[in-house]
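Trainee: I would like to learn how to read strand pairing and ring contacts from a model. Could we work through one together?

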Amino acid sequence: MESSPDSPAVPRRIVFAAAVAALAAACGDPTAPRCSISLDRLPSDLVVAGTSVQAVARASCDRGQPTLRWSISDTTVATVDANGKVTGRTPGDAVLTAETVGGGAVRASTRVHVEPPYDVIITPRRYDLLPRFRQAFNLSVVPTELTPPGFPSTVDIRSSDSCVAIVDAQGFVSAGRAGTATLSVRLTAAPGVRDSVPVVVAIPTNGRTFVVGFTDAATGATVDPRALRGRVTVLVNFLYPNTGGRIEIRLGGRVAQSLLLAPPQVPGAVVARLPVTIDVDARDATTGARRFAEGAQTLEAALVVPDQPGLPGCPVINLGDVDAQQVTLIAS
């Protein structure tokens with residue numbers, strides 16, 4: 001075959017390649033029918049997730065009526081049934097293919113682009129909460145230029161761990177036990193259209209219970225924990241519990257002082273500092289013996305709170321905490 005000087009080279013190569021493809025099926029089996037196929041483009045190559053369009057393939061063989069087989073390259077983006085009906089699932093791109101079945105098999109393909117019917121957006125993009133706290137959950141479901149009239153905008157909200165976080169009936173993210181969960185929102189009519197955000201539930205390191213210093217209860221002067229005697233004020237930082245509770249100072253496992261904490265009038269993540277005075281030289285009223293032995297002891301500052309209900313169907317939560325450090329008691 002010779003090419004004419006005034007014939008475009010690229011189209012001739014395309015026609016030649018197509019001819020080879022069409023004849024290839026017949027080369028192995030001289031009795032196989034010769035078939036051809038064309039596939040109409042979908043309207044604007046575009047499908048709205050949650051809706052369907054009918055694809056049209058035109059196939060013929062020199063003998064008999066061909067049977068068509070439909071397939072799509074990515075079934076997470078769209079699906080196609082045996083009759084060529086394409087249904088959008090998730091925004092993205094895929095390739096739709098129609099193929100004749102039998103000895104004269106040929107195929108044709110076209111692009112499928114899937115768009116969402118609504119933009120689903122959660123704000124903020126991350127939630128950091130303390131156990132038993134709540135924060136407003138903001139969800140926007142915004143129609144696009146392609147949204148079909150009357151397309152439903154209802155959504156389904158799910159949590160990957162409903163004991164860590166859920167969206168409650170009042171529209172708040174409610175935190176349960178410590179951990180990380182993912183909140184996902186998806187359109188009920190197009191589940192592939194979704195958005196998700198992480199929820200991290202934890203007590204911040206700088207908000208946990210810990211002893212920040214020791215002072216002389218009478219003078220206010222700083223004292224060395226390696227030489228505690230008489231009446232000592234222990235300064236304790238702690239995350240104030242919403243439910244109230246108590247602060248305990250323990251020496252060698254025995255309670256030296258306990259102070260009740262009233263529930264706050266306005267719940268909030270407040271780090272409080274509390275001075276707790278203990279008598280290192282305290283003696284038993286009956287025997288006169290020292291309550292706390294001289295020498296090295298473990299001093300604990302404990303935040304004791306009652307167990308709180310977890311999220312529905314989940315175990316109870318305890319937000320208590322203890323800071324322990326070594327001190328030395330000496331006789332006055």
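Mentor: Let us begin with a term: strands here are DSSP runs of E, at least two residues long, numbered from the N terminus. The model before us is a predicted one. In this model a hairpin joins β17 to β18 through six residues.

Trainee: In which sense do β17 and β18 run, and how many bridges join them?

Mentor: As a general idea, strands of a sheet pair through backbone hydrogen bonds, either parallel or antiparallel. Here β17, residues 179–187, runs antiparallel to β18, with eight bridges between the two, and G179 stands opposite V201 in β18. Strand β18, residues 194–201, is also joined to β11, residues 127–129, by three bridges, and that pair runs parallel.

Trainee: What is the order of the strands in the open sheet of four?

Mentor: The order is β22-β21-β24-β25, and the pairing is antiparallel. The edge strands, each of which pairs on one side only, are β22 (254–261) and β25 (321–329), and from one strand to the next the twist averages 15°. Within this sheet, β21 (residues 245–251) and β24 (residues 295–304) pair over six bridges in the antiparallel sense, and R250 stands opposite E300 in β24.

Trainee: Turning to the rings, how many aromatic pairs are there, and what decides how the pair of Y118 and F151 is classed?

Mentor: Rings pair if their centres lie within 6.5 Å, and planes under 30 degrees apart count as stacked, over 60 as edge-to-face and the rest as tilted. By this rule there are three aromatic pairs. For Y118 and F151 the centres are 6.2 Å apart and the planes lie at 50°, so the pair is tilted. This pair links distant parts of the chain, 33 residues apart, with Y118 in strand β10 and F151 in the loop between β13 and β14. Both Y118 and F151 are buried.

Trainee: How does the pair of F238 and Y240 read, and is Y240 buried or partly exposed?

Mentor: F238 and Y240 form a tilted pair, at 5.7 Å centre to centre and with 35° between the planes. F238 counts as buried because its relative accessibility is 1%, whereas Y240, at 22% relative accessibility, counts as partly exposed.

Trainee: Which residue lies over the face of F172?

Mentor: That residue is R134, which lies over the face of the F172 ring at 4.2 Å from the ring centre.

Note on methods:
Residues numbered from 1 in each chain as written. Predicted model: local features only at pLDDT ≥ 70, side-chain atom pairs only at ≥ 80, totals over all residues. Heavy atoms only, no water. Pairing = 2+ DSSP bridges. Axes fitted to C-alpha atoms, helices over the stretch in contact; angles between N-to-C directions. Phe/Tyr/Trp six-rings, centres within 6.5 Å; stacked < 30°, edge-to-face > 60°. Buried < 20%, exposed > 50% of the residue type's maximum accessible area, 1.4 Å probe, protein only. Lys NZ or Arg CZ within 6 Å of the ring centre and 35° of its normal.
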